[in-house]
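Welcome! Take a moment to turn the model around on your screen, and then let us walk through it together.

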Amino acid sequence: MSKVTYFSVDELTAFATKIFAGTGMSEPDAATIARDLVKANLRGIDSHGVSRIPMYVERLQRGLVNPKPIIGVQKVAGAVSLVDGDNGMGFLASHKATEEAVELARTNGIGLVGVHRSTHFGMGALYALQAIEAGYISMIFTNSSPAIPMWGGRTTFLGASPIAAGIPGGKHAPYVMDMAMTVIARGKIRLAAMKGEAIAEGLALDVDGNPTTDAAKAFEGVCLPFGGVKGSVLATLMDLMSGVLTGANFGGDVKSLYFDHSEPQNVGHLFFAIKPDLFMSLENFDARMDEFYERIKALPKAAGVGEIMMPGEPEQRREEERLGTGIPITENVVADLMKEGERIGVDFPTGRASGEAA
């Protein structure tokens, strides 16, 4: 049981914006990062929300992340561009890359944008949702710092390297997928460690290669790929496509977001945008998406299942719920944010206490 305080979207966004502006970022860039982190909390992805503020601020203040990047876009082929993130916050380079991919797809039917000299880009679904809002299908690849072994190895080499994708719906919920190549996202292990909670068996090994349910030991150790060799193979694809192809770091060279303060990360990303009406009219596409959605809702349900949902639909419902109830933040995260606010000179909002919550 952990005490929880509820905050409105506006409260958390305003606080986070002031914090990042206090590191030397421009007001618009600070507001973008703030909105993205709060969006993760809204969707229930608390591991990628405002709890990450102290870590991001530390990297900015250590000079590992450029607070005022000049993000460059270079056209390299008819439907392909390369974005140079200038070692700024990965959120900024990734929003720019998504925007560029959509514009390329608007003209060519499909757009491909690589990104190098970037950093951790937060919740991958951010960019799938951005493309959906513009009316486009998307796929998002990234590599990341070593978290899992190459299949057969015993030390970390590949990143958790999530893949995200989005497909606009018709009148129903869109398809939104965002998943790491680990059994559980490393950020969730970090959050469990911050809360002093245990994790389930089979998720990670400690630094000595032993299975552990201690979240702190797991976070310092090795995450396990989902699906065994299949997860390892997909993580390898993410590193090759996001790192090798784009000119970013790869093969174990991406610096740890958490433990390595020696130099910038040079993370690589790859963004695809696709027009949904390439092979038929948009009206026909929307109708087919509606039909798909309605078919899955009519499927026979397994024992104990109340409803079958489109991927991304649970997060969409959580967002609708939290817009009304507020965003729950645990007391340990509140303490960290208050401390960060005091250090930078930004008042932390009061929020609404809820007593004890699970």
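## Overall shape

For a protein of 358 residues, a compact globule would have a radius of gyration near 21 Å, and the value here is 20 Å, which agrees. What you are looking at is a predicted model. Along the principal axes, the C-alpha atoms fill a box of roughly 55 × 45 × 45 Å. The secondary structure comes to eleven helices and 14 strands.

How much of the protein is buried? Of its 358 residues, 51% count as buried. Among the contacts with a separation of 6 or more, 67% are between residues 24 or more positions apart.

## Surface and charge

The accessible surface comes to about 16100 Å², and 54% of that surface belongs to carbon and sulfur atoms. As for charge, the protein has 33 positive and 42 negative side chains. The centres of these two sets lie 1 Å apart.

## Aromatic pairs

Next, look for the rings. Two rings of Phe, Tyr or Trp are taken as a pair if their centres lie within 6.5 Å, and planes over 60 degrees apart make the pair edge-to-face. By this rule there are ten aromatic pairs. One of them joins Phe7 and Phe348: the ring centres are 5.2 Å apart and the planes stand at 65°, so this pair is edge-to-face. Phe7 sits in strand β1 (residues 2-7), while Phe348 is in the loop between α11 (331-344) and β14 (352-357), so the pair links parts of the chain 341 residues apart. Phe7 is buried, with a relative accessible area of 2%, and Phe348 is buried too, at 16%. Ring pairs also bring in Phe15, giving a cluster of Phe7, Phe15 and Phe348.

A second pair to find is Tyr56 with Phe91, whose ring centres are 5.7 Å apart and whose planes are at 80°, so it is edge-to-face. Tyr56 belongs to helix α3 (residues 53-61) and Phe91 to helix α4 (residues 90-108), so the pair ties together parts 35 residues apart in sequence. Both Tyr56 and Phe91 are buried.

## An enclosed helix

Why is helix α3 described as largely enclosed by the rest of the structure? Seven of its nine residues are buried. These are Ile53, Pro54, Met55, Tyr56, Val57, Arg59 and Leu60. The cover over the buried residues of α3 includes α1 (9-21), α2 (27-42), α4, α6 (186-195) and α11. After α3 comes Gly63, which has a positive phi near 80°.

## A loop with positive phi values

Now move to the loop between β3 (80-84) and α4, where you will find Asp86. Asn87 has its place in the loop between β3 and α4 as well. Phi of Asp86 is near 55°, a positive value in a residue other than glycine. Asn87 also has a positive phi without being glycine, near 60°. Asp86 is buried, with a relative accessible area of 17%, and Asn87 is buried with a relative accessible area of 17%.

## A buried serine

Last stop: Ser242, in helix α8 (residues 229-244). Is Ser242 buried or exposed? With 0% relative accessibility, Ser242 counts as buried. Leaving aside residues up to four places away in sequence, Ser242 touches Val115, Phe141, Thr142, Asn143, Ala248, Gly268, His269 and Leu270.

Notes
Residues numbered from 1 in each chain as written. Predicted model: local features only at pLDDT ≥ 70, side-chain atom pairs only at ≥ 80, totals over all residues. Heavy atoms only, no water. Phe/Tyr/Trp six-rings, centres within 6.5 Å; stacked < 30°, edge-to-face > 60°. Helix = DSSP H or I, 4+ residues; strand = E, 2+ residues; numbered from the N terminus. Buried < 20%, exposed > 50% of the residue type's maximum accessible area, 1.4 Å probe, protein only. Rg over C-alpha atoms; globule rule 2.2 N^0.38 Å. Contact = heavy atoms within 4.5 Å. Areas by Shrake-Rupley, 256 points an atom, 1.4 Å probe, with all protein chains shown as cover. Lys, Arg positive; Asp, Glu negative; His and termini not counted. Charge placed at Lys NZ, Arg CZ, Asp CG, Glu CD.
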